[in-house]
Amino acid sequence: MIVVAALLVGAGLSAKADSSALLPPPPGKLYYGVYPGGVDGEEDDITLQDVIGYEKAGGRRVTWVYFSNNWYESRAFPAGTAKWIRAHGAVPYIRLMLRSENHKPGKAERTFSMEAIINGNFDEDFRAWARSAREFGTPVLVEFGTEMNGHWFGWNGKYHGGGRTDGFGDPNKADGPERFVAAWRRIVRLMRSEGANNLLWVWHPDANDHPNEAWNHFENYYPGDDVVDWVGFSCYGYLTPRDTWDPKPFRDTLDPAYRRVQKLAAGKPIIVAEFGHASGNPRQDAAEWTARALDDLLSGRWPHVIGFSWWNERWQNDNNPKHDTTMRLQDNGALAKVFSKKLSENAGKLQIKPVIGHR
């Protein structure tokens, strides 16, 4: 049974919160978060100024702040970033990114492979991370294996046996996803064994499977209700100003993923962990796409969706600045106005203050 302990009040969280966890918002309410954007594209260099700039542009405070903990930089719990997020009155949401180098899409992970995790090579690192998280005390959202059904990350099954069934575990299951499941379960169990009960685990696939092959469907990567607290999805529109695939509304991406996860993990709280749309694409306007997305999110179309967060980043795609991607509200006045208008009109549906209690 879940017992609600308190609502966060004031400017920040107490560091003496006795390992309390983040609970779902009251029925009919939605949490609202952000990845506020950094400078180097590695998602671990965010600042308080990034968050304040985003909040000012969109007209609302955020519930959580999303960022990466890249293990090629440090295997330690990112206490410094987590503390200033907490002081700002928000919950840290940490992408546990077990990779040995910066963005290299489409490459196998050479150090933190699923096999190495399963074999216990990093058990002490996980335990130390969990102890630091436990000492942090207040709620933390955390995920491992972001968008695991996407070939761009080294934890995707294609790098760990793909659709083969004769190299690991159950001969009726694809080895690649099965190894991911085993690694996830090991990490979560190790961290829970250290008493890090303030960690809430988000299983975060992409809403679309890449490649769209039966063995790589996100269902195969689900590690079990006992080690997953919430489900999160990535649901993007165009990622660059030059994308040319047929445009489609946000709902056409989330609808089928939502139906699938209801069969897979019925009743689990769901968040849109990442959504965004590049500005400047002539085939589909970012502000219009986002307005419709927010309308659908705030309408109750998906009853088990309890929150959403925007990916507020910009990055370079080639040597032509006109081809750069930006999803930042600060760079697109029309987009900022959409957020400000929609969130203001639906202020009563937003649960900005995190609900804290014991699970």
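Colleague: How much of the chain counts as buried?
Modeller: Of its 359 residues, 57% do. Buried means under 20% relative accessible area and exposed over 50%, with partly exposed in between (1.4 Å probe, protein chains only). This is a predicted model, where local features need pLDDT of at least 70, side-chain atom pairs count only at pLDDT 80 or more, and totals for chains, interfaces and linings use all residues. Residues are numbered from 1 along each chain as its sequence is written, and side-chain values use heavy atoms, leaving out hydrogens and water.

Colleague: How many helices and strands?
Modeller: Eight helices and 13 strands. These are DSSP runs numbered from the N terminus: helices are H or I, at least four residues, and strands are E, at least two.

Colleague: Now α1. Which residues are buried there?
Modeller: Helix α1 covers residues 48–58, and its buried residues are Asp50, Val51, Tyr54, Glu55 and Gly58. They fall within an arc of 130 degrees seen down the axis, so they line one face of α1. The arc is taken from the directions from the helix axis to the C-beta atoms.

Colleague: Why would residues three or four places apart point the same way?
Modeller: Because an α-helix has 3.6 residues a turn.

Colleague: What is exposed on the face turned away?
Modeller: Gln49 and Lys56.

Colleague: And what covers the buried residues of α1?
Modeller: The cover includes β3 (31–35), β4 (64–70), α2 (79–87), β10 (305–311) and α8 (333–345).

Colleague: What comes just after α1?
Modeller: Glycine 59, with a positive phi of about 80 degrees.

Colleague: Last one. What does the C-alpha trace span?
Modeller: About 50 × 50 × 40 Å along its principal axes.

Notes:
Contact means heavy atoms within 4.5 Å.
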